[in-house]
Each structure stands twice: as structure tokens, then as C-alpha cells.
Amino acid sequence: MKLTVAQKIIKDHLVTGEMKKGTEIGLRIDQTLTQDSTGTMAYLQLEAMGIDRVKTKRSVAYIDHNMLQAGPENADDHKFIQTVAKKYGIYFSKPGNGICHQVQLERFSVPGQTLIGSDSHTPTCGGMGMLAIGAGGLDVAVAMAGGEYFITMPSIVKVELRGRLKLGVSAKDIILEVLRRCTVKGGVNKIFEYCGEGIKSLTVPDRATITNMGAELGATTSIFPSDENTKAFLIAQDREEDYIELKADDGAEYDEEIVIDLDELEPLIAAPHSPDSVYKVREKEGIKVDQIAIGSCTNSSFMDMMKVARILDGKTISENVSLVISPGSRQVLNMLAQNGALSKLVSAGARILESGCGPCIGMGQAPANEAVSLRTFNRNFKGRSGTVSADIFLVSPEVAAVSAITGKISDPRDFINDFDDIKMPERFIINDNMIIEPAEPGNDVEIIRGPNIKPFPRGEKLTDIVEGKALVKVEDNITTDHIMPSNASLLPFRSNIPYLSEYCLAPCDPEFPKRAKENGGGMIVAGSNYGQGSSREHAALAPLYLGIRAVLAKSFARIHRQNLINNGILPLVFKNEEDYDTIDLMDDIRIENALDQIDSDEMIVKNMTKNLEYKVITDLADRQIDMIKAGGLLNLIRESNMKNA
């Protein structure tokens, strides 16, 4: 059988199941990563499993999200993560060392290996030829404990890149073009595999920009081959020993094919409020801009920053523009400081932020009311910036830098002469002194817990009758930002589910948390692609705490669906989407004979208020059925451990 790049890695790591599209497979995981926004919960869950030390080849805990320390909560959580990492054999990247995906790409990514991370943009390392997948924190904890990671065997989409990008057009424009064609729902249960002559001119950071933002497609992951460009990057990172060549077999078969002619591509822009609302920059040219933010795990590499510095060199940003820049890692920041590029950025009027996620996840730099903000980020969901009334556009670093000078959306092709002398370094500055190694096995390490860390909720075993009111009804493309808002005021409480639950689904219905408590829990009714966006399992844990027993939706985003199952919440898909229209707020919903029905592919759900019946699709693997019956994955693990004791 002729195999694609993704299929080769899957085959080498297959523990259970067969590589048959649409069936469940279990993969051996080589590496894991967490970040501080999701990490505390993942490590609390790891502790609950009762293991002595992680079983992966390498696990890394990053501090990159919650870095503003307006109170003690973030610092307390950082100390917890650092001490638990020390004890369990996990490397710890200190705050200021950089964004998890950028540092993982630079220092730890290995072609041909598997990586899962408790962040939806973990596929960034697909630019290195890794099978890198975003997952819920509990799935990451299980992988650290030595368990396999389960996914539905995806279909493989071939994305053939032809030609070469023109000056002023970037890797960001490639992924925006894919989003324009496929939409934010177009990648569910798919892997996007890039190939063709066009990839030869793309550096590893270019490729990582594309695989990073492939998360917005809803894809399982995205991946590039490992080739001479990969080798050059690893040599520059003093990691040549990690290189292997990895490419698809001649004649490998794909399920779908997309062709993009890079010669014909031009600068693109994603308009509010979705990454797939893509236009040519020319179509939005002239719109006045108030704020520009350059950075994030999508566009904060050394090469991105050097191009921005070249554009801003000797210029001054528009008097009405606030420009903030976040280098993706300390390595990048250090190199910019050494070669003088940082001085050019500062001289032009840029404000230099920490090497972290910052404004991308709503941690600071919220724009003014009604402002227009251009960002080189990956998401522009309404309100994610911290300002609900702001319009957020997603652009390349070139578009951002030129627009900072003009004060309006501008096409960089009108301003850029050349980048010919900006090349990938032959050697990066290597300094890993902010990555703390774990203690030796057997060493006694005290785990420090701040008062903000609260126990996480546990699901209850499935009962024969599942009933409750329709506590909220939401539309299509509800994101995890809607379900569990992420902003500077709430991020410090990621370890405190009781507190966070007071804000669950508040952007959709501020009364939902109160209604859920007053009615002792119930059901959520949703449109298509429910739970798109982040991997945060808080979007399942907060509803669980509020007593949610099931979510009835037209369809689910992959990671959120699994997070619901992991926590014992039924994810049910309307067989007939029109049934969604017949349910009103506070209708009484009831599932009878649930213990028998769960074993089939369909269930009958009754609307007692309207005297209606709905057929819903469960599409659960046997293992997932066991999880639902047990009230979640941790309960199932505990039951298994008790049987084997």
C-alpha cells in the first residue's frame, strides 16, 4: 500500500484499530505539551491517575498564556505547574521563554514523531513533519500516563502547492486561501497534507504558520514532509540528529485534492468575525486602522519579525495607530536584540510585549470601543480581543507592518522593494537555561498549591432516564470562547471551575448559569459546529459543574465533542436538522431507556413539552460508550484500576 506522510506516522504509532477511514484508532504518543491556561487542570487529572512519572519520550509544560500578574492567581498556578512538572518528569518552560508552539517547534519537535497538546494550535509542529494534534487536557494526561490517544481515522486531503510566492505574499495568505475554500467546518476528521514544488521555497516557520492555522479548519491536523528545508532548520537549531527524511510514497492515494498556484496568490485578509471570512486585501484597502498587533503562535518567528523590521526601518507608525509586537520566543527576541532589528521596531514606535500569547487570547491590549484592529493571529471571534464592539481582521506580518505606517489597510506590494537579504539563519542562538529539567526519579518534590486551585467536577454514571430542561439554545459556529470565555479577567481562574461556571455561555445568554442552577442542570441545544476553536476542556467542565447531561446539536467540533465524552456528557446529533427549530427554551427534554439506547447508533429523545420525538445520532465507539456509562474517562480509569488491583 502506498502511504501518505500522515499515514506513515499513524502506521508506525498504531496501537489499536486499523487505518480504516471513519473508525476509531489508538495511537502511541511520543511527546506532549501543555500551557498554563489548560495545564493546571491536566496535571490535577494526571495526579488523580496515581502514576509516579510520565511515560512519554518528552513532555513539556509551558507558561505562555496567563503571564499578567495583577493578582496572585497566575503566579500561584505557575508554581503549581512548575513543582508538579519537577515531580512527574516533565520539562518546564518558564514565563518569558516563549509561546509553547514556537518553542516546541524550535527546540523539541522531531519529524516522524507524534505530539498531542492541550492547545488547539498544537498542529504547528506539523510544519516539522510531526503528527501533532490538539486535544483536551484529560487526553493529554492519559498520554503522559502511557495510554494511547484515540481519534477517528481521518481522511487525507492533498494540498498541492505550485509555483512560488511573490514579494509581499506570505505563508499566511496560503492558509487564508485554504480557509476561504474550505471554511471553518471543512476540515472535521481530515488531515491536510501539503506537497508539490511550491513547498520547496517555504521554510519550516512558513510551514508552521500554515499548519498552525489549519486548526481553524476544524482539521485533526496538518502536515508537511520532512525534507532538506527541515534538515536546514534542525541544523540551525543544533539538532541535526533529530532529522529524518519523510515523504509520501509515489502513487499514494488521497481522499480529496486541492491545488493552489502560489504565483497567482495575492495578500488576503480575514474580516470580522471568522477566520474563513476571507477577502483580497485590495477589497478592504483604505479602512482606517486603530490598532495593530504582530505576533502569536501563527506569525512570530524570526523571519516574520525581520520582515516587519525591514518594513518599519526608518519609518514612523501612523499617529492614530497603536502597534504592539510579541516575538514568539526568547530565542527570537534575543536574536532581534543582537542584530539591531529590535531597535528598528522600537524606533518606529512599536511597543514590545513579552514573548507570550498576550493579546491573541485576550490577555491585555484590548482595542478601544468600535476600533479596527489588524492582527497576525489565528482567530478573530467576536469579543475574543476583550472588546466586543471591535472589528478584528487577520492579516500577514507584511500587511500589518505596512498598514501600521499608513494608518489604513494597505497592500504591501505597493510598498515593499525586496526581502532578498532576509534569510533563514545558519545558526540560531541556543540558550535553554529557562527550560527547567525534572527531578531525578525518586526525588522528593513538594507540590505547591495556591488557594485558587479547586477540585475539578466529576461526572456521574449514566442513568436509565436522562432528563432536564433546554436551558439554552444557541446558533451555528458557537466557539469555546462563547462557552467558556477567555479574557484577562477570567483566565487567572482557569483552576477554579466553580468560579468560571458563573460565566459559562454568558456571551450567548447571561442568564444561563443561574437558570442551570435553579433547575438542577439540564440540556444544551446547539446548531452546527458547536464547540469550534480552542481545545479548552473548561468548555466541558463548566457545563458539567452546572449539571448539563447532554448537548443536542446539528454537529460538533472534534475536540469539544471528545471533551464532552471524556467528562460523561452525551453529545447527540440531530438526525434531522429541522428538529432543532422545534425546541424552545425551557422545553422539557427526556431520554428513556438510556442505558440500552446508548449501545446503538441512534437514540430517541422526547420533547415532553411539545409531545415530539427526535432521532439523534450517537456515533460512539465502544470505548466512548463505556466512558459515558461510567460518567467520564477518569471514572472509567478508576474502575479499571480497582478491578486490576
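In the predicted model, Arg-375 is buried but takes part in no salt bridge. The nearest side chain of opposite charge belongs to Asp-481, at a distance of 10 Å, whereas a salt bridge would require a side-chain nitrogen within 4 Å of a carboxyl oxygen. Arg-375 lies in strand E18, which covers residues 372-375. Apart from neighbours within four places in sequence, the residues in contact with Arg-375 include Gln-291, Ala-293, Pro-359, Gln-365 and Pro-367. Ser-385 is also in contact with Arg-375, as are Ile-392, Phe-393, Leu-394 and Val-395.

Over the whole chain, 71 positive and 89 negative side chains are present. The centres of these two sets are separated by 1 Å.

Burial was also examined for helix H4, formed by residues 100-108. This helix is mostly covered, with nine of its nine residues buried. Among them are the charged residues Glu-106 and Arg-107, together with Cys-100, His-101 and Phe-108. Across the chain, buried residues account for 63% of the 645 residues.

The chain contains 21 helices and 27 strands. Its radius of gyration is 24 Å, close to the 26 Å given by the globule rule for 645 residues, and the chain is therefore as compact as a globular protein of that length. The C-alpha trace spans about 70 × 55 × 55 Å along its principal axes. Of the contacts with a separation of 6 or more, 76% are between residues 24 or more positions apart. The accessible surface of the chain amounts to about 23,400 Å², and carbon and sulfur atoms contribute 45% of this area.

Key: Residues are numbered from 1 along each chain as its sequence is written. This is a predicted model: local features need pLDDT of at least 70, side-chain atom pairs count only at pLDDT 80 or more; totals for chains, interfaces and linings use all residues. Side-chain values use heavy atoms; hydrogens and water are left out. Helices (H or I, at least four residues) and strands (E, at least two) are DSSP runs, numbered from the N terminus. The radius of gyration is taken over C-alpha atoms; the globule rule is 2.2 Å times the number of residues to the power 0.38. Buried means under 20% relative accessible area, exposed over 50%, partly exposed in between (1.4 Å probe, protein chains only). Contact means heavy atoms within 4.5 Å. Accessible areas come from the Shrake-Rupley method with a 1.4 Å probe; for residues, only the protein chains shown count as cover. The place of a charge is taken as NZ of Lys, CZ of Arg, CG of Asp or CD of Glu.
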